[in-house]
Structure formats: structure tokens, C-alpha cells
Amino acid sequence: MADTMDRLVESMTRAIAQRTSRRSFLARIGKAVLGAAVIPLLPVDRVSREADAADAKKPPKNPNDDLTCDYWKYCAIDGFLCTCCGGDSHDCPPGATPSPTSWVGTCHNPGDNRDYIVSYRDCCGKAACGKCLCGNTQGEMPIYRAQLDSDLIWCFGAPTMVYHCSTSEIVGLK
């Protein structure tokens with residue numbers, strides 16, 4: 001058995017020796033050693049660990065606070081919250097006009113464990129509010145599906161294209 005193993009290893013070694021030179025063998029070994037030495041220098045994503053540590057320090061989120069991005073109806077909102085700008089979660093503040101166009105999203109209400117279709121509408125006509133910016137993109141589609149894209153200024157058809165804030169309104173059950 002040992003004699004058979006010796007002959008097998010010798011024949012494989014001779015076959016490799018006939019196809020390669022010492023220089024190419026040494027070059028491959030050198031590349032492997034150099035590659036192994038470079039691995040610790042590669043970038044490491046530590047952001048997720050830092051974010052997890054930061055989340056552990058934060059108080060628990062309230063899904064019913066309409067002044068924060070964590071409000072369940074804001075799952076696909078992108079813009080300043082009208083609740084922070086003098087309006088309501090579904091009404092524009094005084095002096096701003098609701099856009100006749102909107103985008104939609106489907107949000108899960110943890111209170112009754114149901115999914116709702118929510119319409120998001122921009123309020124136009126006043127300078128940007130600048131308070132409570134939310135960029136929730138759950139279910140967002142690329143720009144070629146405009147009705148499901150929140151990155152547009154949705155002031156089409158309003159008296160002015162100046163964006164102020166965004167509202168959300170439940171339009172039905174999923």
C-alpha cells in the first residue's frame with residue numbers, strides 16, 4: 001500500500017515538474033504569500049456594528065408618534081413632515097397647497113396588525129420647512145414607476161412647484 005502511494009505521489013510530482021518551471025512555481029508561491037499578507041489591509045465594514053451599538057443605546061421607537069419618522073404611516077415618506085411644520089399628518093399647514101398628485105405605499109400598522117395603502121402628498125407654495133426630514137423608502141420603485149417613487153417633487157399641477165412638506169393619508173386596506 002505504501003509503495004503504491006509513493007509511486008502515485010512521484011508520478012504526480014513528475015507530471016507537475018514537466019509542465020512548470022522553478023521560476024513559475026516560485027512566482028506562484030510569492031503571489032500567494034503576498035496575497036495572504038494583504039488580506040488584513042482590506043477594508044472592513046464596521047458601520048453595522050457601530051449602528052447596532054448606537055441602536056442599543058436609543059430608547060425604543062414609538063410607532064404611533066406622528067412627529068417622528070418611526071410613525072407607522074410614514075413607511076414610504078420622503079421629505080419634511082408636515083406635523084413638524086404647522087400642519088397635520090394628512091393636512092398641509094396654512095399657506096401651503098396640497099399637490100393634486102401623490103405617490104403611494106403600503107404600511108403595516110402594528111396596533112391592529114393590518115396593512116394599509118397610504119397616499120403621500122407634497123404641500124407646495126411655501127419655502128421648504130426644513131424640520132423633521134424623513135427618507136423612508138420602503139417599497140420604493142425606480143423612477144420609471146413614478147407613482148411608487150418618492151424622490152420626485154410631487155407639486156405637479158399645484159399653483160407653484162415650490163416644495164414645503166409632505167403628508168400621509170390612509171386610502172384603504174391592502
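I call it a salt bridge when a side-chain nitrogen of Lys or Arg is within 4 Å of a carboxyl oxygen of Asp or Glu. Before using that, I noted that this is a predicted model, where local features need pLDDT of at least 70, side-chain atom pairs count only at pLDDT 80 or more, and totals for chains, interfaces and linings use all residues. I also noted that residues are numbered from 1 along each chain as its sequence is written, and that side-chain values use heavy atoms, with hydrogens and water left out.

**Entry 1: salt bridges**

How many salt bridges does a search of the whole structure find? I got two. In one, E10 meets R14, with the closest N and O atoms 3.1 Å apart. In the other, the side chains of R7 and D3 come together at 3.4 Å, N to O.

I then checked where they sit, taking helices (H or I, at least four residues) and strands (E, at least two) as DSSP runs, numbered from the N terminus. E10 and R14 are both in helix α1, four residues apart, which is about one turn of the helix. R7 and D3 are likewise both in helix α1, four residues apart.

For exposure I used relative accessible area: buried is under 20%, exposed is over 50%, and partly exposed is in between (1.4 Å probe, protein chains only). R14 is exposed, because its relative accessible area is 53%. E10 has 39%, so it counts as partly exposed. D3 has 48%, so it is partly exposed as well.

**Entry 2: a nonpolar patch**

My patch rule takes residues with over 30% relative accessible area and no salt bridge, joining like charges within 9 Å and nonpolar side chains (Val, Leu, Ile, Met, Phe, Trp, Tyr) within 5 Å. The areas come from the Shrake-Rupley method with a 1.4 Å probe, and for residues only the protein chains shown count as cover. Which residues make the nonpolar surface patch of about 380 Å²? I found M5, L8, V9 and M12. L8 belongs to helix α1 (residues 2–19), and its relative accessible area of 46% makes it partly exposed.

Two strands pair if DSSP finds at least two bridges between them. C107 has Y116 as its bridge partner in β4.

Which face of β3 (residues 103–109) is covered? I listed W103, G105, C107 and N109 there, with V104, T106 and H108 on the uncovered face.

**Entry 3: aromatic rings**

Rings of Phe, Tyr and Trp (its six-membered ring) pair if their centres lie within 6.5 Å; planes under 30 degrees apart are stacked, over 60 edge-to-face, and the rest tilted. The search of the whole structure gave me five aromatic pairs. W72 and Y116 have ring centres 5.4 Å apart and planes at 50 degrees, so that pair is tilted. It links distant parts of the chain, 44 residues apart: W72 is in the loop between α3 (47–57) and β1 (78–80), and Y116 is in strand β4. W72 and Y116 are buried.

W103 and Y120 form a stacked pair, 5.6 Å centre to centre with 25 degrees between the planes. W103 lies in strand β3 and Y120 in strand β4, so the pair ties together parts 17 residues apart in sequence. Both W103 and Y120 are buried.

I also wrote down one aromatic cluster, formed by Y71, W72, Y74 and Y116.
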